[in-house]
Amino acid sequence: MKAVGGRHLCLLLLAATLAACACGRSAPTGSSASQISSDEVRVQVTKVGLDQQTGAHFVLLQDDSESRELPIMIGESEAQAIMLSIQGIKPPRPFTHDLMRSIIAETGNGVDRIVIGEMHDEIYFAKIYMDKGRYAIDSRPSDAIALAMGMNAPIYVNSRLLETTLASTTKSGGKIPDTARALGLTVEQLTPELARYFDEPDGRGVLVSEVSLAAQKAGVERGDIVVKVNDHAVAALDDFNQGTSALKADGKVTLTLNRAGANKTVTLNNQTVP
C-alpha cells in the first residue's frame, strides 16, 4: 500500500469529519462557537506575494481601517489559489481547496468563518467554523484562508496577533500588481507566480482579470494574457497603455492573446468597448 501524503491525509480527515457532520455523529462545539468573540477582528486579504529577503510566499491581512495587519508565510499553491480568488479568476486546474469546497457543499455543510486565533513557536493556528458554529475544525491558516476566499466566508484574526501597520512592512516586495483599463478590459502585470501558473515562463504580457460584455462576446476571457495590441508588443502595463492610447476611437483592434500556452487573435471594435 502506498503511503498517504500529508495533504491527502488532511483531505481524507476533512471528508470523514464532514461526513460525520452530515450524519450528526460529530460532537458539537457548543452554541458559543457561533458567536463572534469581542477580540476577533475581521480582516481582508490585501496582498499576496514573495518576500524579497526570504524568498517565501506571504499573505497580508489587514483590518478595515488598514491600521493593523498580520503577514503570514504560506505555500506556493495556496498563494496561487488566493491570488486567483482575489482577481475572480477560475483556475483551469482545480486546487486542493476546490476539492475541499466541493466536499463541504456536497455533504450539505457550510463555512461560517475562519479565525486565526493562536500563535505558538512562531506558528499560527486557525479554525474553520461550520454550520452556525456547531463544528470547529483545526487548520493551517493558509488552507483556511484559501478555503474562505473560495467560499466568500469572512476571515477573522485575534486582536492580540495584529501588528500596527508600518510602511516598511506593507511596501516590501510582492504586492498585488497595479492594473490598467482599456478596450473593456482590466489587465494587470504578471507576477512571477502567475506567469508560471499561466504557462508564460518569460513573464511577458498582461493578465486579463476583468472583461466587459462586449469584449467577452468578441472572445476575450478572464485569465487570457495579452501579448500584442495590433502590432505593438506588450510585455508590461506600460506597453499595454501605449498600445491602446495610440488607437483610433472608431477603429478595429486586434489583440494577440496567450491562452493555455497557445496564441489566439481576437478583433474588437474600439468604439463598442469603452
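Two strands are taken to pair if DSSP finds at least two bridges between them, and strands (E, at least two residues) and helices (H or I, at least four) are DSSP runs numbered from the N terminus. The structure described here is a predicted model, in which local features need pLDDT of at least 70 and side-chain atom pairs count only at pLDDT 80 or more, whereas totals for chains, interfaces and linings use all residues. Residues are numbered from 1 along each chain as its sequence is written, and side-chain values use heavy atoms, with hydrogens and water left out.

On these terms, E2 and E3 form a hairpin with four residues between them, and Glu-66, which lies in the turn, has a positive phi of about 60°. The two strands run antiparallel and are joined by six bridges; Phe-58 has Met-73 of E3 as its bridge partner. E3 also pairs with E8 in the antiparallel sense, over two bridges, and here Glu-69 is partnered by Glu-163 in E8.

E6 runs antiparallel to strand E5 (residues 123-130), to which it is joined by five bridges, and Met-130 stands opposite Tyr-135 in E6.

Contact here means heavy atoms within 4.5 Å, while axes are lines fitted to C-alpha atoms, for helices over the stretch in contact, with angles running from 0 to 180 degrees between N-to-C directions.

The axes of H4 (residues 141-151) and helix H3 (residues 96-106) come within 9 Å and cross at roughly 60°. This contact is made by His-97, Met-100, Arg-101 and Ile-104 of H3 and by Asp-143, Ala-146, Leu-147, Gly-150 and Met-151 of H4. The residues of the contact of H3 with H4 divide into five nonpolar, two polar and two charged, where Ala, Val, Leu, Ile, Met, Phe, Trp, Tyr, Cys and Pro count as nonpolar, Asp, Glu, Lys and Arg as charged, and the others, Gly among them, as polar.

The charged end of Arg-113 sits over the ring of Tyr-129, 4.3 Å from its centre, a placement that requires NZ of Lys or CZ of Arg within 6 Å of the ring centre and within 35 degrees of the ring normal.
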